[in-house]
Amino acid sequence: MAILEVNNLGKIYTSRLGGNQVMALDNVTFSVEQGEYVAIMGESGSGKTTLLNILAALDKPTRGSVNLDGRFLASISEKEIAAFRRENLGFVFQEFNLLDTFSIKDNILLPLVLSKQQYEEMHQRLTPISVKLGIADLLEKYPYEVSGGQKQRVAVARAIITRPKLILADEPTGALDSRSTDSLLDVFEAINKDGQTIIMVTHSTKAASRAGRVLFIKDGRLFHQLYRGDCTNEELYCKISDTLTLLATGGNKNE
Amino acid sequence: MNNGFYARLAFDNLKKNRKIYLPYILTCIITITMFYIIHSLYMNESILAMHGGAQIQYTLSLGAVIVAIFAIIFLFYTNSFIIKRRKKEFGLFNVLGMEKRHLGAVLIFETLYIGIISIVLGLVFGVLLDRLMYLIIARILRSDYGTGFYISWKSMLITFALFAVIFALIYLYSFIKVRISQPIELLKGENIGEKEPKTRRVMAIVGTVCLLAGYIMAICTKDVVMAIELFFVAVILVILGTYFLFTAGSIALLKWLKKRKKYYYKTNHFTSVSGMTYRMKQNSVGLASICILATMLLVTISTTSSFMIGRDDLIASRFPYDFSAQANATQDANDAMINDIHSLLDDNNLTIKQEVACRYLPIAATQNGNLISMQKDPVAMPFLLVVMTVDNYNNITGEKKTLADTQMILSENKMSYEYDVVKLFGKEYSVKEKVNAFVKDGFLANGTSRLVGGLYAIVADDTELNAIYEQYKLEYGENAGSIQLSYGLNLKGDEQKQVDFFKAFKDILQQKEYNAIIISRAAQADSYMSIYGGLFFLGVYLSVLFLMATILIIYYKQISEGYEDKKRFDIMQKVGMSYAEVKKSINSQILTIFFLPLVTAGIHVAFAFPMINKLLGMVALTNTALFALCSLCCFAIFSIIYVVVYLLTAKVYYRIVKNANKN
């Protein structure tokens with residue numbers, strides 16, 4: 001069953017003084033199955049971030065539609081949108097976006113507090129997640145007291161504590177060193193194994209090679225996609241690498 | 001790169017940072033204006049020529065010094081704040097290839113622009129408003145206004161010199177700050193993680209105890225002596241309490257709220273409690289200082305304005321008669337003096353409307369049951385017993401009372417005597433009746449009995465008074481005082497004649513060596529008037545300056561927090577908080593920060609009220625209703641200004657936060 005369906009998505013930015021129009025997304029169509037782990041790759045300016053923003057309901061498409069679990073994003077009113085986001089989507093950002101005024105625990109609980117959960121319920125959800133992500137010892141600390149890798153795991157915990165239908169990760173390894181990157185990717189893999197659907201936008205071939213499927217975007221279009229099939233991480237890595245080379249050198253032939 | 005480039009860059013910088021610089025320049029202008037005005041008033045000779053002008057000018061000279069000191073501290077403070085905010089910008093210039101000395105050149109031009117604009121506009125406004133202030137002072141002194149436009153070149157020069165030096169120092173400070181910092185540091189500037197504050201429970205408890213103790217002292221003070229003794233203790237306790245509670249208490253409270261999970265993990269409380277913890281850590285000392293200063297300001301302004309408005313009453317009670325004398329001499333000498341007064345009055349064409357002469361014996365005594373005796377026991381609270389005759393009493397009050405030899409009439413002043421008989425120096429008197437206070441201010445040792453309690457004992461006649469005096473001399477020996485005379489006159493005739501009479505009699509007093517103190521309403525009321533007026537003027541003047549400072553400090557604090565909040569604001573929205581929710585949460589926090597000092601100051605003033613009211617009673621301002629009204633009005637005006645500034649600040653704040661949201 002497809003949890004996310006993206007149909008003929010198009011986005012045109014008009015520069016402020018009128019005149020110049022930039023096509024950020026052009027006729028993008030794909031769907032994501034329940035429990036899938038999808039990486040979206042592309043160069044800077046390829047339209048990845050625009051796509052992610054539209055999926056996150058932070059931006060509106062010019063054309064086409066996004067359907068999350070049977071609901072069209074365009075049909076959600078401005079009033080509901082904040083609640084919709086926090087109940088259905090989980091976010092992981094490149095720069096963590098933790099609040100420095102909250103302890104780690106409170107950062108994780110923030111979305112639950114916003115949706116007015118009971119404290120007992122919050123606590124019940126928090127314990128297994130913090131153990132699984134290896135941050136159980138850090139709960140009383142503050143963001144500035146922990147490392148980048150730990151911060152990102154906290155951000156993941158915050159994203160999954162609401163049991164969202166979909167996790168959107170925007171360059172989650174972008175600010176991490178290689179060891180932290182590995183451990184974060186392990187975390188993603190682990191939560192994906194538990195059935196969590198993940199869409200991750202990334203530059204990193206290594207990060208993408210851990211996903212189940214990789215979409216390539218170039219100049220606002222869906223250019224190619226790779227399925228893992230039976231590949232190992234290393235094999236997938238090579239395939240992605242080849243595709244990227246093709247994208248950079250021979251991509252224009254497709255125009 | 002030529003000089004024109006730096007000049008232009010400096011100008012652009014100011015324009016770009018106008019959100020920060022406009023209020024700063026405005027403050028500079030107002031400070032300069034206020035300094036010029038107060039200094040030129042101090043130099044103004046037509047004020048010196050007014051009645052009581054000398055006292056006012058003395059007050060003004062003090063005021064000028066205060067304004068100057070204030071200007072230095074305050075402008076430095078705001079500038080250091082601005083430099084902190086602009087660190088990132090300097091860092092960027094630095095990275096882009098400008099050397100520190102180039103930055104120095106830009107800073108010079110910036111300071112120069114600000115300095116020139118502020119000093120020129122400050123002096124222009126100063127000269128324009130100077131006349132207005134002059135008229136206000138003339139009104140306070142009830143003097144002729146005089147004509148003409150007064151410009152004090154000397155004051156201009158001093159103002160220019162003072163502020164040129166201040167701006168030069170500010171420049172040096174900024175340059176050194178920029179110079180000693182590394183480009184990377186400059187770039188990162190303000191983004192250093194804030195630690196979670198520690199709970200200091202002991203400090204919080206001590207603060208609570210201090211504050212409560214101060215309040216209890218203020219409320220429970222019964223009389224003036226106690227008020228004088230306890231006033232400063234109470235003030236210090238309240239100041240300590242305020243600081244402790246703002247710093248430790250607020251955080252202890254917030255952390256306690258955090259521990260109450262059921263309360264804390266609710267949408268509204270969650271963000272406000274942790275937001276406030278963070279804000280209080282940064283701002284508590286500043287807020288406590290603002291609170292204390294606002295309290296002092298309110299107290300000063302409400303007392304000086306009570307003096308100002310109630311000054312006619314004050315003068316009436318300070319000078320109960322047009323002319324009065326306190327003599328401490330033999331009866332013959334006193335009679336001679338009164339004769340001299342009478343003849344001198346005739347010489348000056350003055351006639352008597354009312355004449356009061358009262359002989360009395362003041363005794364420092366203690367009470368033991370119905371026995372009144374001399375003060376031997378050092379622990380027993382002494383009171384002042386004033387013995388006088390019933391004829392004198394009738395003379396003062398216009399009544400027609402009579403007494404037998406063994407009878408007394410009593411009048412209590414701040415003490416109570418419950419017995420029907422009085423045993424005094426071996427003789428027993430029965431109390432015929434008790435009468436209300438009848439003695440006017442400064443009369444019959446009334447000033448002393450305002451401090452300690454007093455009992456007026458009215459006896460049958462001079463024989464009885466003299467008999468008591470003889471017994472008193474026996475018992476007190478060499479410590480004994482003598483029978484004194486209080487003499488008061490109300491006169492017909494204009495004030496100038498009364499002044500002439502007073503001066504002439506002063507000479508006679510010295511010539512003939514009468515042992516007496518004389519007071520004339522016409523000759524001396526002016527100096528009181530100008531002391532009250534001068535204090536009031538200075539109080540208002542400095543309050544305006546201080547108010548501006550408070551406002552600007554809070555404004556800057558809010559702006560800088562706006563820049564920090566914009567990140568948080570963004571994150572919260574990404575995590576799923578709606579714009580309205582974020583706005584609501586932040587709004588309640590700013591409101592709290594803004595009005596916490598004001599509300600606390602109001603509470604302080606309310607608790608201080610009974611105590612200060614008693615102290616004012618000592619200087620004869622007994623009109624409680626007037627004082628209450630003045631306090632309320634001052635607080636109301638203060639609050640209104642505060643609210644207006646809050647609204648303006650909030651507007652700027654939201655603009656900052658909202659812009660961030662769009663990016």
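In this predicted model, 27 residues of chain A are in contact with 25 residues of chain B, contact being defined as heavy atoms within 4.5 Å. Local features need pLDDT of at least 70 and side-chain atom pairs count only at pLDDT 80 or more, whereas totals for chains, interfaces and linings use all residues. Residues are numbered from 1 along each chain as its sequence is written, chains are lettered from A in the order in which they are written, and side-chain values use heavy atoms, with hydrogens and water left out.

**The interface between chain A and chain B**

| Property | Value |
|---|---|
| Buried area | about 2,500 Å² |
| Share of that area from carbon and sulfur atoms | 63% |
| Salt bridges | 1 salt bridge |
| Polar contacts | 4 residue pairs (both at pLDDT 80 or more) |

Buried area is the accessible area (1.4 Å probe) that two parts lose on being put together, summed over both. A salt bridge requires a side-chain nitrogen of Lys or Arg within 4 Å of a carboxyl oxygen of Asp or Glu. A polar contact is a pair of N or O atoms within 3.5 Å; within protein, one must be able to donate a hydrogen and the other to accept it, and residues adjacent in sequence count only if both atoms are side-chain atoms.

A:Glu120 forms a salt bridge with B:Lys262, their closest N and O atoms lying 3.2 Å apart. On the side of chain A that touches chain B, helix 2 (78-88), helix 3 (104-114) and helix 4 (119-132) each supply at least two residues. Helix 3 gives the most to that side, with 7 residues. Helices here are DSSP runs (H or I, at least four residues) numbered from the N terminus.

**Helix 3 of chain A**

Helix 3 of chain A is largely enclosed by the rest of the structure, because 11 of its 11 residues are buried, that is, under 20% relative accessible area (1.4 Å probe, protein chains only). The cover over these residues includes helix 2, helix 4 and helix 5 (148-160) of chain A, together with helix 10 (261-264), helix 11 (267-309) and helix 18 of chain B. A:Lys116, which follows helix 3, has a positive phi, near 60°.

**The nonpolar core**

A nonpolar core is a set of buried Ala, Val, Leu, Ile, Met, Phe, Trp, Tyr and Cys residues joined through side-chain atoms within 4.5 Å. The largest has 154 residues, and A:Ile108, A:Val156 and B:Phe163 are among the members that touch the most others. Helix 18 (residues 521-575) of chain B gives the most to this core, with 20 residues. Not counting residues up to four places away in sequence, A:Val156 touches A:Val92, A:Leu133, A:Leu184, A:Val187, A:Phe188 and A:Ile191.

Definitions and conventions: Buried means under 20% relative accessible area, exposed over 50%, partly exposed in between (1.4 Å probe, protein chains only).
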